[in-house]
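Subject: Structure for you to look at

Hello,

The structure is below, followed by notes on what was found in it. Please read them with the model open.

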Amino acid sequence: MPQHASTLTETPDVPSRRWWKEAVVYQVYPRSFADSDGDGIGDLPGLISRLDHITGLGVDVIWLSPHFDSPNADNGYDIRDYRKVMHEFGTMEDFDRLLAECSARGLRLIIDLVVNHTSDEHAWFAESRSSRGNPKRDYYIWRDGSDGVPNNWPSFFGGSAWTKDEPTGDYYLHLFAAKQPDLNWDNPEVRAEVYDLMRFWLDKGVAGFRMDVIPFISKDPSFPDLTAEQLRAPQDVYANGPRVHDYLQEMNREVLSRYDVMTVGEAFGVSDRQASLFVAEDRHELNMVFHFDVVRLDREGWRRTPWSLPDLKAVYTRLDHAVGGTGWNTVFLGNHDTPRAVSHFGDDSAPCRVPSAKALATMMLAQRGTPFIYQGEELGMTNYPFQSIDQFDDVEVKGLWADWVETGRVEGEELLSHLRHTSRDHARTPMQWTGGRHAGFTTGPNPWFAIHPNHSEVNAAAALVDEHSVYRHYQRLIALRRAEPALVYGDYLDLDPAHERLFVFSRSLGGDHLLVVVNFSRDPEPFALPAGPEAWRTLLSNDPGRDTGPLRGDVTLGPWEALILKA
Ligand code: TEU
């Protein structure tokens with residue numbers, strides 16, 4: 001069993017130090033990261049060959065999106081065999097080598113635990129569906145087929161969450177695609193299977209798990225119909241099953257507490273107040289959750305809605321109040337399910353792309369919580385210019401098209417106009433390594449998904465030779481987080497919640513007082529430095545032209561300028 005020594009010194013200011021609070025995490029979506037064998041699909045040897053790009057940033061942990069055997073109905077979030085590597089990604093030997101190469105660089109690796117559902121091609125489901133009397137029948141959730149569809153629960157990927165299945169004619173539940181049947185966590189044998197597969201990977205040396213839609217594992221056994229209001233956000237119901245906390249506490253007791261690992265649950269449907277039930281340290285469930293209020297700030301289902309900077313600031317304050325005292329937060333602006341951060345919260349037009357990507361990075365890495373960087377964010381990669389529906393790959397897009405356009409509820413153009421901002425596919429175009437053919441992602445003729453045309457300019461090779469690139473800014477920010485404990489553990493205070501263009505907050509720990517000022521606009525913005533210190537030292541600016549001498553009185557921030565100052 002791998003041991004990660006916990007020898008962190010605790011002080012009255014920092015009573016609960018943990019390595020995972022001090023870590024910066026980088027998410028890899030292996031399918032789109034780097035292809036080593038020319039088949040057009042990213043793979044583990046490709047990832048190994050690019051590890052220095054990741055360590056070069058100074059991050060400590062990689063979260064690897066699913067690498068397991070899968071028929072890819074949902075790009076690996078539909079697992080056929082939890083103990084096998086997806087053949088497109090390589091072999092178990094490649095995985096073991098990945099672990100060894102990470103460990104040689106001081107990197108920890110966490111993997112994706114997708115156990116709300118499996119693939120319908122998993123051996124358990126093959127047995128379960130075969131007959132009512134099969135010993136694995138209760139591994140999944142079945143309802144009598146003679147009474148019609150059991151209730152009105154929708155699947156996130158379109159249509160009903162129930163599919164009628166031969167040979168028994170009964171319905172099984174799938175909150176996602178029909179090829180992703182939900183496991184029955186009320187069956188203790190299912191839980192034992194999950195704990196077993198967790199041990200399998202932990203004993204190999206993985207440092208923990210990101211847990212896919214983990215709040216959904218417990219279902220209300222009465223399966224009540226959703227009201228019209230609940231149908232607008234079914235996740236809020238799905239995340240509130242009666243036994244979710246019992247199961248997470250059991251998982252912690254049986255497995256997690258026996259290893260020095262980090263856990264982060266994907267908390268879709270969990271409100272800020274409920275979040276602390278998952279992460280309060282004295283409840284012994286998870287270390288952290290991904291809360292959705294930031295990345296869904298401007299979303300209602302697939303529709304994009306307006307957002308404002310005061311809205312964004314209010315989320316951080318709410319989360320800090322709800323979770324900061326009892327547990328620990330995460331901070332992230334993107335992942336494989338979201339649009340690209342710079343297109344979403346910044347400004348990806350030519351003059352603003354670089355400064356706004358850096359401004360967002362400053363805001364994120366100076367927040368209180370463990371930061372998660374999504375691959376390509378460190379290059380300022382942008383949304384893809386989708387023109388037509390057939391350019392999309394995502395199962396969710398196909399379900400939306402069937403549910404809304406094919407039924408005549410909306411025009412195709414209307415759905416498309418939202419997907420151009422909200423689709424998950426923006427995050428899934430391949431990493432841009434070079435300005436050359438297929439952005440250096442693959443040497444083969446056919447990358448599995450479109451490469452963004454801006455790779456000639458936006459790519460890792462160009463970023464490395466440019467002192468002022470987005471990548472270089474992430475490096476500096478991560479180094480600064482290490483040098484200034486206040487950026488990790490310091491108290492968080494929003495100093496001007498209503499300001500429409502400036503995000504101004506402080507981080508204070510013991511005698512250290514840091515001030516972060518971010519201009520969320522493309523115009524210069526005046527700012528009066530708070531009184532108190534004689535002058536402020538500039539620790540970091542994203543503006544190469546900023547004179548880094550002491551600051552006092554009034555300053556003017558440039559377009560998308562972000563400053564970290566110290567009293
Ligand atoms: O996503 C959970 C989830 O419910 C949403 O974020 C999802 O992306 C969708 O947009 C809801 O409308 C997780 C994974 O991150 C995602 O990639 C998987 O598709 C999903 O679970 C099923 O495993």
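Pro167 sits in the loop between strand S7 (162–165) and strand S8 (170–173); helices (H or I, at least four residues) and strands (E, at least two) are DSSP runs, numbered from the N terminus. The peptide bond that joins Glu166 and Pro167 is cis, with omega at about 5°.

This is a predicted model, in which local features need pLDDT of at least 70 and side-chain atom pairs count only at pLDDT 80 or more, while totals for chains, interfaces and linings use all residues. Residues are numbered from 1 along each chain as its sequence is written, and side-chain values use heavy atoms, with hydrogens and water left out.

Val213 is placed in the loop between strand S9 (208–211) and helix H7 (228–231). For background, most residues other than glycine have a negative phi, and most peptide bonds are trans.

Domains

The protein chain divides into domain 1 (5–118 + 188–474), domain 2 (123–173) and domain 3 (491–566); the bounds come from an automatic or database domain assignment. Between domain 1 and domain 3, the C-alpha centres are 30 Å apart. Their contact (heavy atoms within 4.5 Å) takes 27 residues from domain 1 and 26 residues from domain 3.

About 2,200 Å² is buried between domain 1 and domain 3, with 67% of it from carbon and sulfur atoms. Buried area here is the accessible area (1.4 Å probe) that two parts lose on being put together, summed over both. Of the area that domain 1 buries against domain 3, Leu309, Lys313 and Ala366 supply 25%, more than any other three residues.

One salt bridge is counted between domain 1 and domain 3; the term means a side-chain nitrogen of Lys or Arg within 4 Å of a carboxyl oxygen of Asp or Glu. Asp347 and Arg522 form a salt bridge, with their closest N and O atoms 2.8 Å apart. On the side of domain 1 that touches domain 3, the elements giving two or more residues are helix H11 (309–323) and helix H13 (353–365).

Ligand

A polar side-chain atom of Asp337 is 2.5 Å from an oxygen atom of the ligand. For His117, a polar side-chain atom lies 2.9 Å from a ligand oxygen atom.

Regards

Notes
A polar contact is a pair of N or O atoms within 3.5 Å; within protein, one must be able to donate a hydrogen and the other to accept it, and residues adjacent in sequence count only if both atoms are side-chain atoms.
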